[in-house]
Structures are given as C-alpha cells and as structure tokens.
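Hi everyone, thanks for coming.

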Amino acid sequence: MLYKLKVRFLKTVWGNLLWRKWKVWRKHHVGSYDRLPEFIKNYIFPDASFVDIGCMWGVNGEYAFLAEKLGATVVKGVDVFGPTPEFEDKKKERNSSVEFILGDITSADTIKRVGIVDIVFCAGVLYHHPSPFDLLVALRRICKKTLILRTSAIPEIKGLPNAAVFYPMLKPEDRRLWNLKNLGLLKQKGITEKFDPEEGYGNWFWGLTPSCLTSLLQTAGFQIEYRFNEPFSQTFICKPVTVTFAHNLPDEAEARNMASVISSAGKAHPA
Ligand SMILES: C[S@@+](CC[C@H](N)C(=O)[O-])C[C@H]1O[C@@H](n2cnc3c(N)ncnc32)[C@H](O)[C@@H]1O
C-alpha cells in the first residue's frame, strides 16, 4: 500500500520534480533522456566502433550519426523496422557511412552481423522484450568496452530486492498504477491498453526495479560503473567483465557420461 502511494506520488509532475531536486541536492547521479548525447560523448574515442540497438523509433538513427560525428569510424544501427526516410535523408546529407541492420538483436544472425563493437548503446528497448536477460546476454556478446543502457524501470520496492512486475495480463485496474500519462507518456502498449500479441515488441513487458536491473546486468557479464537514477528510468554505464552467460551443452558422448555419473551417484531426485 505504501509502495503504491510512493509510485502515485512519483508519477505526479511536482512529485517527480521534488524527487529530482532532492537527489541532486544530495549529489546523487540523476539521469534523464536528454543526457544520452553527453554519455555517448564521454565514452566515444577516435576510431571507435559503435552500435545503437533500437536506433529508429522517433530518432531515425540520430545517436548513430552523433557517434560518427564524434569520431567513431565503424557505426551501425539495428532495429526491427526501417530504415525510415528521415534516416536515409540524414545519411545522404552527411555522406555518412552508418550501416543500418534490420534485425532482432536477440537473434544469432543479427548478433553475427553486428560483430564485436567498442561501444554498445541501447535506449528504450529492454522493457519491450519478454526475456530481458536474453537481450542483455545479446548486448554482452557484442560489447567490447562500454555498454550505455537506458531503460524504463519502476521504483525500488523496500524489503523486496530484485523485484519486477510483468505487465501482460494484468487487470485494467492493476495496469493503471504503471500508466505514466502525467509524465508525458501518452501511449504505453500493454499498459494504457491491454497486451496485444500482434504488437510484439511494441508491448511493455517488464517493470524492473533498479536492484533487479543491476542483478540482471551482473549475471549477463557486466560490471556497473555508474547508475543514473530516475523514478521511472535507469541509465547504466557498464563494462563487460566476466564471460557471457551461457549454458554449455555437452556433446552426445559427454552428455551420456554425465548422465551415468549422476545416476551412479544417486543424487538426482524428483524436484
Ligand atoms: C521505444 S523505442 C526507443 C528508440 C530510441 N532508442 C530512443 O531511445 O529514443 C524502441 C526501439 O527499439 C526497437 N526494438 C525493439 N525491440 C528490438 C529488438 N529486439 N532488436 C532491435 N530493435 C528493437 C523498436 O523498433 C524501436 O525502434
């Protein structure tokens, strides 16, 4: 109940503003969508390679063009639709060599086409994926030096670390809590209206708390260098550290051997 009151308070324009002022006054790292170009500028270096995952909707490749302007030489943008005419026009105007890749970043084929890239930028995509961990593992596979990740999120739930909300199939009265109309988000498919399977990634799937996002990133193989907090969004700057998460599937002979060791040890019991 208290949590719902907190969410409702943070959804108001003045509540949100008050929260920001308080955090800034306490010298916390506070994020905003408008800071994304600054984050790209901070991490780009001459001749870097850069990819924007989810580069098209409403931005028409703008972050990829910015990276190129700042000195990145191999620049790619990935999206599940496009390229838009605006993207094509910008590309021509700037005589740009930004490459657009049509593909789903969680598919092996797209990961292969992107290759390994110094800076991976991904904003506004994670909560649109039904399996956010798979998306983070995909980002880890293509990331050489830095991941800049911004995503919609929900406020931390005190006493329940790593919590998350799955939006599809919530009742209309339960979806209402996550409606961010007051903060300027007019349409959130799957929240302002019910989940529509035909809309695919257009739906909002997950409301992840900051602690849940942190654990997902670490499990996927990232170390978090900075986290920029906002009531309903988070931006992370990460470095790839450990090996990418993968379950190693043994070959048939190895698998038989494992099975025989497990059986003779008598340690497998019905769960
Ligand atoms: C909410 S928009 C964000 C656009 C932009 N990155 C921004 O922050 O303003 C999400 C974008 O990600 C794309 N997208 C969603 N899922 C994707 C996936 N699995 N692989 C690649 N792109 C995806 C969508 O088509 C859309 O262009």
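Before that, a word on the ground rules. What you see is a predicted model, where local features need pLDDT of at least 70 and side-chain atom pairs count only at pLDDT 80 or more, while totals for chains, interfaces and linings use all residues. Residues are numbered from 1 along each chain as its sequence is written.

Let's begin with the sheet. When I say helix or strand, I mean a DSSP run, numbered from the N terminus: H or I with at least four residues for helices, E with at least two for strands. Two strands pair if DSSP finds at least two bridges between them. Here, seven strands make an open sheet with mixed pairing, in the order 3-2-1-4-5-9-8. Which strands stand at the edges? They are strand 3 (99–102) and strand 8, and each has a single partner strand, so one side of each is left without a neighbour in the sheet. On average, neighbouring strands are turned by 15° against each other, direction ignored. Angles here run from 0 to 180 degrees between N-to-C directions, and axes are lines fitted to C-alpha atoms, for helices over the stretch in contact.

Now follow strand 9 (residues 233–240) with me. Strand 9 runs antiparallel to strand 8 (residues 222–230), with eight bridges joining the two, and a hairpin of two residues connects them. Phe228 has Thr235 of strand 9 as its bridge partner. Strand 9 is also joined to strand 5 (residues 143–152), again antiparallel, by six bridges. There, Leu147 stands opposite Cys238 of strand 9.

On to the helices. Helix 9 (residues 210–220) lies across strands 5, 8 and 9, at about 160° to strand 8. Contact means that the C-beta atoms of two residues, placed from the backbone, lie within 7 Å. Helix 9 also packs with helix 7 (residues 132–142), at an angle of about 45° and with the axes 9 Å apart. That makes helix 7 oblique to helix 9, since angles under 35 degrees count as roughly parallel, over 145 as roughly antiparallel, 65 to 115 as roughly perpendicular and the rest as oblique. Pro132, Phe133, Leu136, Val137 and Arg140 of helix 7 meet Leu216, Leu217 and Ala220 of helix 9.

A second pair is helix 3 (residues 36–43) with helix 4 (residues 62–69), at about 35° and with axes 10 Å apart. Leu36, Pro37 and Ile40 from helix 3 touch Tyr63, Leu66 and Ala67 from helix 4.

Two loops deserve a glance. In general, most residues other than glycine have a negative phi, and most peptide bonds are trans. Asp47, in the loop between helix 3 and strand 1 (49–53), is not a glycine, yet has a positive phi of about 70°. Pro83 sits in the loop between strand 2 (74–79) and helix 5 (85–93), and the peptide bond from Gly82 to Pro83 is cis, with omega near 5°.
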